[in-house]
Amino acid sequence: MKIAEFLKSENIFEFALLPYSSLKITDLRRNERMKERFEVKSAVVFLMPYYVEEEKTNLSRYARSRDYHLYIKELSARAEKVLDCDFFCFADTSPVDEVGAAILSGLGCVGVNGLIINRRYGSYVFIGEFFFPFDVDHPFFEGIEKRRAGERCISCGACVKACKTGGIFNRELCVSCINQKKKITDAEAEIIKASGLAWGCDECQEICPMNHGEETPIEFFRNNRILSLDRETVEGLVESGEFQARAFAWRGEGVLLRNIDILK
Ligand code: SF4
Ligand code: SF4
(Lines give C-alpha, C1' and ligand atoms only; values in the text may rest on other atoms or scores of the structure.)
(Ligands and ions follow the chains in the order given, each with its own letter.)
Protein backbone atom coordinates (compact mmCIF):
# COMPACT_ATOMS: atom_id res chain seq x y z
CA MET A 1 0.00 0.00 0.00
CA LYS A 2 1.26 3.49 -0.81
CA ILE A 3 1.69 6.00 2.00
CA ALA A 4 -0.89 8.39 0.50
CA GLU A 5 -3.51 5.66 0.36
CA PHE A 6 -2.63 4.60 3.87
CA LEU A 7 -2.98 8.12 5.29
CA LYS A 8 -6.30 8.66 3.54
CA SER A 9 -7.55 5.34 4.92
CA GLU A 10 -6.70 6.79 8.35
CA ASN A 11 -8.73 9.94 7.59
CA ILE A 12 -5.54 11.98 7.35
CA PHE A 13 -5.91 14.21 4.32
CA GLU A 14 -3.41 17.01 4.86
CA PHE A 15 0.03 15.63 4.02
CA ALA A 16 2.97 16.34 1.76
CA LEU A 17 6.06 14.55 0.52
CA LEU A 18 9.45 16.25 0.76
CA PRO A 19 13.13 15.39 0.32
CA TYR A 20 14.61 14.90 3.78
CA SER A 21 17.51 17.15 2.76
CA SER A 22 15.08 20.09 2.60
CA LEU A 23 14.25 19.83 6.31
CA LYS A 24 16.02 21.57 9.18
CA ILE A 25 17.58 19.13 11.64
CA THR A 26 16.98 20.24 15.23
CA ASP A 27 18.05 17.08 17.08
CA LEU A 28 21.43 15.94 15.76
CA ARG A 29 21.71 12.96 18.11
CA ARG A 30 18.36 11.53 17.10
CA ASN A 31 19.23 12.15 13.48
CA GLU A 32 22.47 10.18 13.94
CA ARG A 33 20.60 7.37 15.69
CA MET A 34 18.25 7.07 12.72
CA LYS A 35 21.27 6.65 10.44
CA GLU A 36 22.24 3.48 12.36
CA ARG A 37 19.12 1.90 10.86
CA PHE A 38 19.00 3.69 7.52
CA GLU A 39 19.81 6.93 5.75
CA VAL A 40 16.61 8.95 5.52
CA LYS A 41 15.93 10.24 2.01
CA SER A 42 12.27 11.26 2.02
CA ALA A 43 9.73 12.60 4.47
CA VAL A 44 5.96 12.68 4.51
CA VAL A 45 4.72 15.45 6.78
CA PHE A 46 1.10 15.17 7.86
CA LEU A 47 -1.39 16.99 10.07
CA MET A 48 -3.66 15.34 12.61
CA PRO A 49 -6.68 17.55 13.25
CA TYR A 50 -8.20 17.25 16.72
CA TYR A 51 -11.05 19.77 16.91
CA VAL A 52 -14.46 18.56 18.11
CA GLU A 53 -17.35 20.98 18.47
CA GLU A 54 -17.74 21.32 22.23
CA GLU A 55 -18.16 24.13 24.69
CA LYS A 56 -15.19 26.04 26.11
CA THR A 57 -14.27 24.64 29.52
CA ASN A 58 -11.33 24.66 31.90
CA LEU A 59 -9.52 22.07 29.78
CA SER A 60 -7.74 22.87 26.52
CA ARG A 61 -9.18 21.06 23.50
CA TYR A 62 -5.97 19.23 22.59
CA ALA A 63 -6.00 17.45 25.97
CA ARG A 64 -9.60 16.20 25.91
CA SER A 65 -8.94 13.03 23.96
CA ARG A 66 -6.28 10.46 24.81
CA ASP A 67 -2.67 11.59 24.22
CA TYR A 68 -1.74 11.97 20.54
CA HIS A 69 1.58 10.26 21.22
CA LEU A 70 -0.47 7.08 21.75
CA TYR A 71 -2.22 7.74 18.47
CA ILE A 72 1.14 7.97 16.70
CA LYS A 73 2.15 4.61 18.19
CA GLU A 74 -1.07 3.03 16.95
CA LEU A 75 -0.73 4.66 13.54
CA SER A 76 2.85 3.45 13.24
CA ALA A 77 1.84 -0.11 14.16
CA ARG A 78 -0.90 -0.10 11.50
CA ALA A 79 1.52 1.36 8.93
CA GLU A 80 3.96 -1.46 9.66
CA LYS A 81 1.32 -3.96 8.65
CA VAL A 82 0.46 -2.35 5.33
CA LEU A 83 3.53 -0.46 4.09
CA ASP A 84 6.10 -2.57 2.31
CA CYS A 85 9.13 -0.69 3.57
CA ASP A 86 11.13 0.42 6.56
CA PHE A 87 10.24 3.80 8.09
CA PHE A 88 10.35 6.03 11.15
CA CYS A 89 7.23 7.74 12.42
CA PHE A 90 7.37 10.77 14.71
CA ALA A 91 5.21 13.41 16.27
CA ASP A 92 6.69 15.89 18.69
CA THR A 93 9.90 13.89 19.22
CA SER A 94 11.12 14.34 15.67
CA PRO A 95 14.75 15.21 14.82
CA VAL A 96 13.49 17.94 12.43
CA ASP A 97 11.81 21.30 12.87
CA GLU A 98 8.23 20.07 12.51
CA VAL A 99 6.53 23.42 12.13
CA GLY A 100 9.14 24.46 9.56
CA ALA A 101 8.59 21.18 7.70
CA ALA A 102 4.82 21.66 7.63
CA ILE A 103 5.20 25.20 6.33
CA LEU A 104 7.78 24.24 3.73
CA SER A 105 5.44 21.56 2.46
CA GLY A 106 2.55 23.99 2.07
CA LEU A 107 0.46 22.55 4.91
CA GLY A 108 0.09 25.84 6.71
CA CYS A 109 1.46 29.20 7.70
CA VAL A 110 2.36 30.53 11.14
CA GLY A 111 -0.19 32.95 12.58
CA VAL A 112 0.43 35.95 14.80
CA ASN A 113 -0.56 33.63 17.67
CA GLY A 114 2.53 31.55 16.85
CA LEU A 115 0.55 28.50 15.76
CA ILE A 116 0.47 26.73 12.44
CA ILE A 117 -2.75 27.49 10.54
CA ASN A 118 -3.95 24.96 8.00
CA ARG A 119 -6.52 26.06 5.43
CA ARG A 120 -8.89 23.23 6.30
CA TYR A 121 -8.47 22.54 10.00
CA GLY A 122 -7.13 25.88 11.19
CA SER A 123 -4.72 25.67 14.11
CA TYR A 124 -6.26 22.66 15.88
CA VAL A 125 -3.71 20.23 14.46
CA PHE A 126 -0.80 18.08 15.59
CA ILE A 127 2.12 17.58 13.20
CA GLY A 128 3.58 14.15 12.39
CA GLU A 129 6.14 12.73 9.95
CA PHE A 130 7.08 9.48 8.27
CA PHE A 131 10.69 9.14 7.15
CA PHE A 132 11.71 6.72 4.39
CA PRO A 133 15.07 5.34 3.15
CA PHE A 134 14.45 5.93 -0.56
CA ASP A 135 14.21 8.80 -2.98
CA VAL A 136 10.82 9.39 -4.48
CA ASP A 137 9.35 11.88 -6.88
CA HIS A 138 8.06 14.87 -4.96
CA PRO A 139 4.89 15.88 -6.77
CA PHE A 140 3.62 17.85 -3.79
CA PHE A 141 6.32 20.45 -4.33
CA GLU A 142 4.68 21.31 -7.63
CA GLY A 143 1.39 22.16 -5.99
CA ILE A 144 2.75 24.13 -3.07
CA GLU A 145 1.91 27.60 -4.34
CA LYS A 146 -1.64 26.45 -5.04
CA ARG A 147 -1.88 24.86 -1.61
CA ARG A 148 -0.55 27.99 0.04
CA ALA A 149 -3.16 30.19 -1.62
CA GLY A 150 -5.87 29.10 0.79
CA GLU A 151 -3.94 29.38 4.01
CA ARG A 152 -3.03 32.59 5.70
CA CYS A 153 -3.06 34.63 8.85
CA ILE A 154 -4.95 37.82 7.97
CA SER A 155 -3.18 39.76 10.75
CA CYS A 156 -6.53 40.80 12.19
CA GLY A 157 -5.05 41.06 15.68
CA ALA A 158 -7.99 39.24 17.30
CA CYS A 159 -5.67 36.74 18.99
CA VAL A 160 -3.59 39.54 20.50
CA LYS A 161 -6.73 41.17 21.91
CA ALA A 162 -8.08 37.87 23.21
CA CYS A 163 -4.89 37.08 25.09
CA LYS A 164 -5.39 38.69 28.48
CA THR A 165 -1.83 38.18 29.71
CA GLY A 166 0.38 39.22 26.78
CA GLY A 167 1.41 35.59 26.38
CA ILE A 168 1.62 35.82 22.59
CA PHE A 169 4.66 38.05 22.85
CA ASN A 170 6.07 36.69 26.08
CA ARG A 171 5.75 32.93 26.60
CA GLU A 172 6.48 33.33 30.32
CA LEU A 173 3.12 35.08 30.60
CA CYS A 174 1.23 32.48 28.58
CA VAL A 175 -1.47 30.83 30.70
CA SER A 176 -0.83 27.50 29.01
CA CYS A 177 2.81 27.61 30.08
CA ILE A 178 1.99 28.79 33.59
CA ASN A 179 -0.70 26.23 34.40
CA GLN A 180 1.66 23.43 33.33
CA LYS A 181 4.46 24.52 35.66
CA LYS A 182 5.33 22.39 38.70
CA LYS A 183 6.13 25.41 40.84
CA ILE A 184 4.34 28.72 40.50
CA THR A 185 4.58 32.10 42.18
CA ASP A 186 1.66 33.84 43.87
CA ALA A 187 1.37 36.12 40.84
CA GLU A 188 1.15 33.08 38.56
CA ALA A 189 -1.51 31.54 40.80
CA GLU A 190 -3.50 34.75 40.31
CA ILE A 191 -3.11 34.42 36.54
CA ILE A 192 -4.44 30.84 36.71
CA LYS A 193 -7.38 31.95 38.85
CA ALA A 194 -8.26 34.81 36.48
CA SER A 195 -8.03 32.51 33.45
CA GLY A 196 -10.45 29.91 34.83
CA LEU A 197 -8.29 27.25 33.18
CA ALA A 198 -7.03 24.07 34.82
CA TRP A 199 -4.89 22.95 31.87
CA GLY A 200 -3.78 24.72 28.70
CA CYS A 201 -5.41 27.71 27.04
CA ASP A 202 -7.13 28.05 23.68
CA GLU A 203 -8.16 31.72 23.76
CA CYS A 204 -5.91 32.80 20.89
CA GLN A 205 -7.23 29.91 18.80
CA GLU A 206 -10.91 30.20 19.69
CA ILE A 207 -11.00 33.75 18.40
CA CYS A 208 -9.05 33.15 15.18
CA PRO A 209 -11.23 33.56 12.06
CA MET A 210 -9.07 30.98 10.29
CA ASN A 211 -10.51 28.32 12.59
CA HIS A 212 -13.67 27.32 10.75
CA GLY A 213 -14.80 24.63 13.15
CA GLU A 214 -14.10 21.67 10.86
CA GLU A 215 -14.14 18.64 13.12
CA THR A 216 -11.54 15.91 13.14
CA PRO A 217 -12.50 12.83 11.13
CA ILE A 218 -10.00 10.75 13.15
CA GLU A 219 -11.86 8.47 15.54
CA PHE A 220 -9.04 8.40 18.09
CA PHE A 221 -9.54 12.11 18.77
CA ARG A 222 -13.33 11.82 18.83
CA ASN A 223 -13.43 9.05 21.42
CA ASN A 224 -12.64 8.76 25.14
CA ARG A 225 -13.05 12.47 25.67
CA ILE A 226 -13.03 14.37 28.93
CA LEU A 227 -14.80 17.69 28.64
CA SER A 228 -13.44 19.40 31.75
CA LEU A 229 -11.39 18.75 34.87
CA ASP A 230 -12.45 18.56 38.49
CA ARG A 231 -10.97 16.69 41.44
CA GLU A 232 -13.24 13.66 41.01
CA THR A 233 -12.37 13.34 37.31
CA VAL A 234 -8.63 13.51 37.95
CA GLU A 235 -8.79 11.03 40.84
CA GLY A 236 -10.96 8.71 38.77
CA LEU A 237 -8.44 8.79 35.92
CA VAL A 238 -5.61 7.97 38.33
CA GLU A 239 -7.52 5.11 39.97
CA SER A 240 -8.48 3.54 36.67
CA GLY A 241 -4.96 3.82 35.24
CA GLU A 242 -6.26 6.03 32.42
CA PHE A 243 -4.37 9.07 33.68
CA GLN A 244 -1.14 7.92 31.97
CA ALA A 245 -2.93 7.90 28.61
CA ARG A 246 -3.61 11.62 28.80
CA ALA A 247 -1.62 14.54 27.43
CA PHE A 248 -1.36 16.11 30.89
CA ALA A 249 0.07 12.95 32.54
CA TRP A 250 3.69 14.05 32.11
CA ARG A 251 3.16 16.72 34.77
CA GLY A 252 1.53 14.40 37.29
CA GLU A 253 -1.86 14.78 38.92
CA GLY A 254 -0.50 17.16 41.56
CA VAL A 255 -0.26 20.04 39.08
CA LEU A 256 -3.84 19.50 37.91
CA LEU A 257 -5.19 19.23 41.45
CA ARG A 258 -3.32 22.39 42.44
CA ASN A 259 -4.86 24.29 39.51
CA ILE A 260 -8.31 22.95 40.31
CA ASP A 261 -7.92 24.12 43.92
CA ILE A 262 -6.81 27.58 42.73
CA LEU A 263 -9.95 27.85 40.60
CA LYS A 264 -12.29 27.09 43.52
S1 SF4 B 1 -6.59 35.79 15.11
FE2 SF4 B 1 -6.09 36.99 13.26
S3 SF4 B 1 -3.98 37.70 13.61
FE4 SF4 B 1 -4.34 36.04 15.05
S5 SF4 B 1 -3.57 34.20 14.03
FE6 SF4 B 1 -5.78 34.35 13.57
S7 SF4 B 1 -5.89 35.45 11.63
FE8 SF4 B 1 -3.82 35.77 12.43
S1 SF4 C 1 -2.53 30.25 24.91
FE2 SF4 C 1 -3.73 31.78 26.05
S3 SF4 C 1 -2.27 32.88 27.32
FE4 SF4 C 1 -1.10 31.74 25.80
S5 SF4 C 1 -0.78 33.17 24.13
FE6 SF4 C 1 -2.69 32.09 23.65
S7 SF4 C 1 -4.34 33.29 24.57
FE8 SF4 C 1 -2.41 34.02 25.43
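Predicted model: local features only at pLDDT ≥ 70, side-chain atom pairs only at ≥ 80, totals over all residues.
Visitor: Why does Asp92 count as exposed?

Guide: Asp92 has 11 C-beta neighbours inside 10 Å. Residues are numbered from 1 along each chain as its sequence is written, and chains are lettered from A and ligands numbered from 1 in the order in which they are written.

Visitor: Where is Asp92, and what is its phi?

Guide: Asp92 sits in the loop between strand S3 (88–90) and helix H4 (98–104); helices (H or I, at least four residues) and strands (E, at least two) are DSSP runs numbered from the N terminus. Its phi is near 80 degrees, a positive value in a residue other than glycine. Asn224 also has a positive phi, near 55 degrees, and is not a glycine.

Visitor: What makes Asn224 partly exposed, and what makes Asn223 exposed?

Guide: The count for Asn224 is 13 C-beta neighbours inside 10 Å, so Asn224 is partly exposed. For Asn223 the count is 10, so Asn223 is exposed. Asn224 lies in the loop between helix H11 (219–222) and helix H12 (231–240), and Asn223 is in the loop between H11 and H12 too. In space, the C-alpha of Asn223 is 8.0 Å from that of Arg66, although 157 residues part them in sequence.

Visitor: How do you know that Leu197 is buried?

Guide: Leu197 has 24 other C-beta atoms within 10 Å, so it is buried. This residue belongs to the loop between helix H9 (186–195) and H10. Beyond four places in sequence, Leu197 is in contact (C-beta atoms, placed from the backbone, within 7 Å) with Asn58, Val175, Asn179 and Ile192.

Visitor: Is Ser155 buried or exposed, and where is it?

Guide: Ser155 has 10 other C-beta atoms within 10 Å, so it is exposed. Its loop runs between helix H6 (144–149) and helix H7 (158–162).

Visitor: Which residues touch the most other members of the largest nonpolar core?

Guide: They are Ala43, Val45, Met48 and Val125, in a core of 61 residues. Domain 1 (3–149) and domain 2 (158–208 + 229–263) both give residues to this core, so it lies between them. Such a core is a set of buried Ala, Val, Leu, Ile, Met, Phe, Trp, Tyr and Cys residues joined through C-beta atoms within 7 Å, and the domain bounds come from an automatic or database assignment. Leaving aside neighbours within four places in sequence, the contacts of Ala43 include Leu18, Tyr20, Ala101 and Phe130.

Visitor: How many residues does each domain bring to the contact?

Guide: The centres of domain 1 and domain 2, over C-alpha atoms, are separated by 26 Å. The contact takes 18 residues from domain 1 and 21 residues from domain 2.

Visitor: What makes a residue part of the shell around ligand 1, and which are the closest?

Guide: A residue is near a molecule if its C-beta atom, placed from the backbone, lies within 6 Å of it. By that test 14 residues surround ligand 1, and the closest are Gly111, Cys153, Cys156, Cys159 and Cys208. Domain 1 and domain 2 each supply at least three residues of this shell. It divides into 10 nonpolar, 4 polar and no charged residues. Here Ala, Val, Leu, Ile, Met, Phe, Trp, Tyr, Cys and Pro count as nonpolar, Asp, Glu, Lys and Arg as charged, and the others, Gly among them, as polar.

Visitor: What surrounds ligand 2?

Guide: Its shell includes Asn113, Cys163, Cys174, Cys201, Glu203 and Cys204. By class it has 7 nonpolar, 4 polar and 1 charged residues. Helix H8 (175–178) and helix H10 (203–206) each give at least two residues to the shell around ligand 2.

Key:
Contact = placed C-beta atoms within 7 Å. Buried ≥ 20, exposed ≤ 12 C-beta atoms within 10 Å, placed from the backbone.
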